[in-house]
Amino acid sequence: MNTTDDQTPEVIGLNPVGPNHSDGSANGNSNGESNGKPAEADRTHSRDGLEQRIGELERQVAELSAQNAELTDARRQLQALLDNLPDLFYFKDTQSRFLNVNQALARRLGAAKPEDVIGKTDFDFHVPERATEYQADEQRIMKTGEVLINKMEKQILPNGEIAWTATTKVPLRDKEGKIVGLAGISRDITAQKQAEETLRESHVQLEQRVAERTAELSKERVLLRALIDNLPDAIYAKDAAGRKILANPADLKNLRCSCEAEAVGKTDFDFFPRDIAEKFWDDDLKVIAGRPVINREEYFFDAERQKRWLLTSKLPLPDQDGKIIGLIGIGRDITLQKQAEDALRQSEERLREVLRSTRCILNSGDVSAPEDWRARVMNEPRIFVWDFPVLNLEAAQEVFPLEVPPGKSYQESWAEARNPEDFAHMHEVTRDAFLNDKTFYRNVFRCTDKHGVEHWMQEFITIHKLAENRWHVFGINTDITDLKKSENALRSSEMKLRQFTVQLERSNRELQDFAYVASHDLQEPLRKIVVFGERLKEKNAETFGAESLDYLDRMQKAAARMQTLINDLLSFSRVTTKAQPFTKVNLAEVAAGVVDDLEGRIELVKGRVEVGALPVIDGEPLQMRQLLQNLIGNALKFRRPEEPPVVKVDAQVIPDPAAPGKQVCRMTVSDNCIGFDEKYVDRIFNVFQRLHTRNEYEGTGMGLAIVRKIALYHGGDVTAKSKPGEGSTFIVTLPMTHLPTASIAFGNR
């Protein structure tokens, strides 16, 4: 060690021994005598003692020299040891000045050799903040005698690097125990701190990743649960005992539970009949044993006792060690699919039955042609190759019986049975359909069955184009022989109808002629009977007896009735023969005019006519007036004696049930009169039909017949509702609008 000899004993705590530090006095006994023999004896004795003492001193010096040599060797060995240790060793005095340092510390402090550090302090090598901290620790140690053990200290090296040490400092005492400095050792733990820091950072990163992964798992769990809860399929989990540990809303619905808590911990035996629950449990046992169940069709009954079908898959649920602790299952509701399958099965069965019982021949297959068929088809009638088998042979033989030789198909035999005269037309229709990419065409042809009977067949073909020269076709063939006969009969009937129409037109002209005669020729004799009867009554009233006058009065009344009857007949016939073209008719104005015309009659019977909101329609104005006058007049006529008549006229515009998009006027004329039995509702609209005698109520029975004819002429109708003693309601239905030629058309009808 590079220290002085006078410092060494203090450092290592040795107490040197010299001539002045013997146990006795250096000059002998102070009480001896100085003269005489005794003095000589004393001198002799002193000389001998001196020599002895010198010998002892020499021996002590020799021992001390040996000890010093050993100590020097020890100090040299210690210094060598300190210089070669990686730890930082140093000694400081009470002023924190370095007394001794090893090579490792010198290098750490940036010194070339340890001697460059001796006498300096930490302020010469460290930043003030760090040096102050070191000095404060050392002054506290030397003041209190406390030991500082393994303090972690951060150092900034001269090259700017950061180093960490674990420092231990102990006080140094002299032989009296006084603290004269301190010894310190600092172990470089930079690598350890870096490892710890790396570990800490790794731990932080790991914790962060764990937290992030935990958050992700939590989010995934929430998303997974949201997905499970919103899937339409029933999803559930069970433990090894078959108890529910998870159930989504779809599964809860099947279990008839309102929340998951009602299902957790329970088994299928708590929710389903025993026979169904046992089937479920048998499957669960297989799954728990490690055998998954995939797409098993299961059923149960819901709250309405309706069978519900599930397509169920169950998989084992293992724990972290791979041990099966339960199962997870998913059940898809396939009730609609099963119902559709049942419906399809029934439909197919019905189709098969239809195919067996239908009076049609069904074909389905493919048609092909060469790639250049469009250029050749006009000249090659048989260019198309038909693979077009019959689907319902049993029904085909019933529709069109054929002898089918072995090795031939029904279709081939049927093709040979067709009338050759029809082939050209059939090819033309088929060719045009394929050329123009039609999806449908129709053919009519003749063929002869095995009994020699000729049949007319109608063929409907649907086409689905597969490629430029390939098609898929489906055909329906029906026997229209009876239809052909009916067409012939219809042609004959049309001819007869035209003849009848001519006769009817002739009859109509004769009726018009009759109406003219009735209006002129028949009226004239009646007028004369009435006139001459009145003259005869005026001139001979006094000479005629009572009986003659009664006969004369009856004759005049009969003539008047005959005249009224003729006028009503004329009115009835003029509905169609003298009608004017349809125009816009305001029914409210027409009804008001009728009420004005009947004002006197209304006052006479003390009645009342109430007219509601009536629309404007297309019609013949005079006929609308005649219709309302007859209906209102009838209501006033057939009144009850004890109650004044009340007539209500109203109307509604409603959709025409027979013509979507069009409207009709539904007009009602209601009264509180005598009414009638509804079994006569059809009878009262016929010509000359009466429900009462002339003595009870006047009239000819033509009024309602005219109403009905006017309604029919306008494309409408009339009916009535009534009960005896409760009044009647007449309902007239009239179209709101007409085509310009409508009046002519209805008139011809």
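Tutor: Phe-400 counts as buried, because its relative accessibility is 0%. Buried means under 20% relative accessible area, exposed means over 50%, and partly exposed lies in between (1.4 Å probe, protein chains only). Trp-414 has a relative accessibility of 0%, so Trp-414 counts as buried.

A word on the model. It is predicted: local features need pLDDT of at least 70, side-chain atom pairs count only at pLDDT 80 or more, and totals for chains, interfaces and linings use all residues. Residues are numbered from 1 along each chain as its sequence is written, and side-chain values use heavy atoms, with hydrogens and water left out.

Now the rings. The whole structure holds 19 aromatic pairs. Phe-400 and Trp-414 form a tilted pair, because their ring centres are 6.4 Å apart and their planes meet at 40 degrees. Phe-400 sits in the loop between α10 (393–399) and α11 (410–416), and Trp-414 sits in helix α11, so the pair ties together parts 14 residues apart in sequence. A second tilted pair is Phe-676 with Phe-730, because the centres are 6.4 Å apart and the planes are at 40 degrees. Phe-676 is in the loop between β20 and α19, while Phe-730 is in strand β22 (residues 728–735); this pair links distant parts of the chain, 54 residues apart. Phe-676 counts as buried because its relative accessibility is 9%. Phe-730 has a relative accessible area of 8%, so Phe-730 is buried.

Two terms need their cut-offs. Rings of Phe, Tyr and Trp (its six-membered ring) pair if their centres lie within 6.5 Å; planes under 30 degrees apart are stacked, over 60 edge-to-face, and the rest tilted. Helices (H or I, at least four residues) and strands (E, at least two) are DSSP runs, numbered from the N terminus.

Ring pairs can also build a cluster. One cluster links Trp-373, Phe-384, Trp-386, Phe-388, Phe-434 and Trp-471.

Asn-672 lies in the loop between β20 (663–671) and α19 (703–713). Asn-672 counts as buried because its relative accessibility is 17%. Leaving out residues up to four places away in sequence, Asn-672 touches Arg-640, Glu-643, Pro-644, Pro-645, Val-646 and Gly-727. A contact means heavy atoms within 4.5 Å. Arg-640 is 32 residues from Asn-672 along the chain, yet their C-alpha atoms are separated by 8.0 Å. A polar atom of the Asn-672 side chain lies 2.9 Å from the backbone nitrogen of Val-646.

Helix α19 comes at the end of that loop. Its buried residues are Leu-704, Ala-705, Ile-706, Val-707, Ile-710, Ala-711 and Tyr-713. An α-helix has 3.6 residues a turn, so residues three or four places apart point the same way. Just after α19, Gly-715 takes a positive phi of about 80 degrees.

Positive phi turns up in residues other than glycine too. Asp-437 has a positive phi of about 55 degrees. Asp-437 is in the loop between α12 (420–435) and β13 (440–448). Asp-437 counts as partly exposed because its relative accessibility is 42%. Asn-295 has a positive phi near 50 degrees, and its place is strand β8 (residues 293–301).

Next, two strands. Thr-165 lies in strand β4 (residues 162–173). Its relative accessible area is 0%, so Thr-165 is buried. A polar contact of 3.3 Å joins its side chain to that of Thr-167. Such a contact is a pair of N or O atoms within 3.5 Å; within protein, one must be able to donate a hydrogen and the other to accept it, and residues adjacent in sequence count only if both atoms are side-chain atoms. Beyond four places in sequence, Thr-165 touches several residues, among them Leu-88, Lys-151, Met-152 and Ile-189.

Ile-149 belongs to strand β3 (residues 148–156). Ile-149 counts as exposed because its relative accessible area is 58%.

Last, the whole chain. The protein has 20 helices and 22 strands. Buried residues make up 34% of its 749 residues. Among contacts between residues at least 6 apart in sequence, 54% join residues at least 24 apart.
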